Amino acid sequence: MDGNLERVVMLRLKRTAENLQKNGFETHILKQKEEVVPWLKENIPAGAAVAHGGSVTLAECGVVDLFRSGEYRYIDRDKPGITPEERQECMRQALLSDVYMLSANALLESGMIYNVDGNGNRTAASLYGPRKVIYIIGENKLVPDFAAAVERVKRTACPANTMRLNCTTYCASKGVCVADDRGIMEGCGGSSICNDHILIRRNNIPGRVVVLLVRERLGY
Ligand code: SF4
């Protein structure tokens, strides 16, 4: 990246990190995704019950491989041969995990986290249940305000995720959401993956929520 552009991105990341901290989120800026696993090894005790939401970012950072290393009690919703019923049970158990990990669909520079879910398992765990919640968020998820967060989901996150998941939605074939400004989803088709929208403004439980901001493009 051009040096000046890199400075601009870094200033945005720092501003966002400061606002996240003001909002009660422990925040760390990492230079690259390779720093994520060492950070987790230092900060998640061996034997902890760990789980995560569906996330391209986590896979890119090696989190799934780390959780499968045998060091932790991994509530593995994607293990080979798992039945739909067992997968549902994993998602229920994840609500009581020691550490739950996920990414965000958008991160507002004001230090607020925006996520949209189809089943609600990821958004539910982020709100209450797991003792600790750790987000990994790449610089591409930063947006200036709430309107831009909604647009990001409609134009980038959801279309790319529905393509990844082979959904038969409007956005998977057109690359953009069908919903208008009122949020009416008629014509979405298939099974929508944007049923639950949450904006987390603040964390009141000291140390419960950690945000790892990574200076790289990660996930969608
Ligand atoms: S509402 Fe439907 S069309 Fe719009 S982004 Fe979500 S899944 Fe795609």
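Visitor: Let's start with M112: is M112 buried or exposed?

Guide: M112 counts as buried because 22 C-beta neighbours lie inside 10 Å of it; a residue is called buried if 20 or more other C-beta atoms lie within 10 Å of its own, exposed if 12 or fewer, and partly exposed in between, with the C-beta atoms placed from the backbone. Please keep in mind that this is a predicted model, in which local features need pLDDT of at least 70 and side-chain atom pairs count only at pLDDT 80 or more, while totals for chains, interfaces and linings use all residues. Residues are numbered from 1 along each chain as its sequence is written.

Visitor: OK, and where is M112 found?

Guide: M112 is found in strand 6, residues 112–117; strands (E, at least two residues) and helices (H or I, at least four) are DSSP runs, numbered from the N terminus.

Visitor: What is M112 in contact with, leaving aside its neighbours within four places in sequence?

Guide: With those neighbours left out, M112 is in contact with N23, L199, I200 and R201, where contact means that the two C-beta atoms, placed from the backbone, lie within 7 Å. As for R201, it is 89 residues away from M112 in sequence, yet the two C-alpha atoms are 4.8 Å apart in space.

Visitor: How many bridges join strand 5 to strand 6?

Guide: Three bridges join strand 5 (residues 106–108) to strand 6, and the two run antiparallel, with L107 standing opposite I113.

Visitor: Switching to the ligand: which residues come nearest?

Guide: Of the 14 residues around the ligand, C158, C171, C177, C188 and C194 come nearest, a residue being counted as near if its C-beta atom, placed from the backbone, lies within 6 Å of the molecule.

Visitor: And which helix gives the most to that shell?

Guide: Helix 7 gives the most, with three residues, and helix 7 (146–164) and helix 8 (170–174) each supply at least two. By residue type, the shell divides into 10 nonpolar, three polar and one charged, where Ala, Val, Leu, Ile, Met, Phe, Trp, Tyr, Cys and Pro count as nonpolar, Asp, Glu, Lys and Arg as charged, and the others, Gly among them, as polar.

Visitor: What about the sheet of six strands, what is its order?

Guide: That open sheet has the order 1-10-7-4-2-3 with parallel pairing, and its edge strands are strand 1 (26–30) and strand 3 (73–74), each of which pairs on one side only.

Visitor: How is strand 10 joined to strand 1 and to strand 7?

Guide: Five parallel bridges join strand 1 to strand 10, where L30 stands opposite V214, and six bridges join strand 7 to strand 10, again in parallel, with V209 as the bridge partner of V133.

Visitor: Why is strand 10 described as largely enclosed?

Guide: Six of the six residues of strand 10 are buried, so the strand is largely enclosed by the rest of the structure. Both of its faces are covered, with V209, V211 and L213 buried on one side and V210, L212 and V214 on the other.

Visitor: Which helices lie across strand 10?

Guide: Helix 1 (residues 3–22) lies across strand 1 and strand 10, running at about 160 degrees to strand 1. Helix 2 (residues 36–43) lies across strand 1, strand 7 and strand 10, at about 160 degrees to strand 10.

Key
Two strands pair if DSSP finds at least two bridges between them. Axes are lines fitted to C-alpha atoms, for helices over the stretch in contact, and angles run from 0 to 180 degrees between N-to-C directions.
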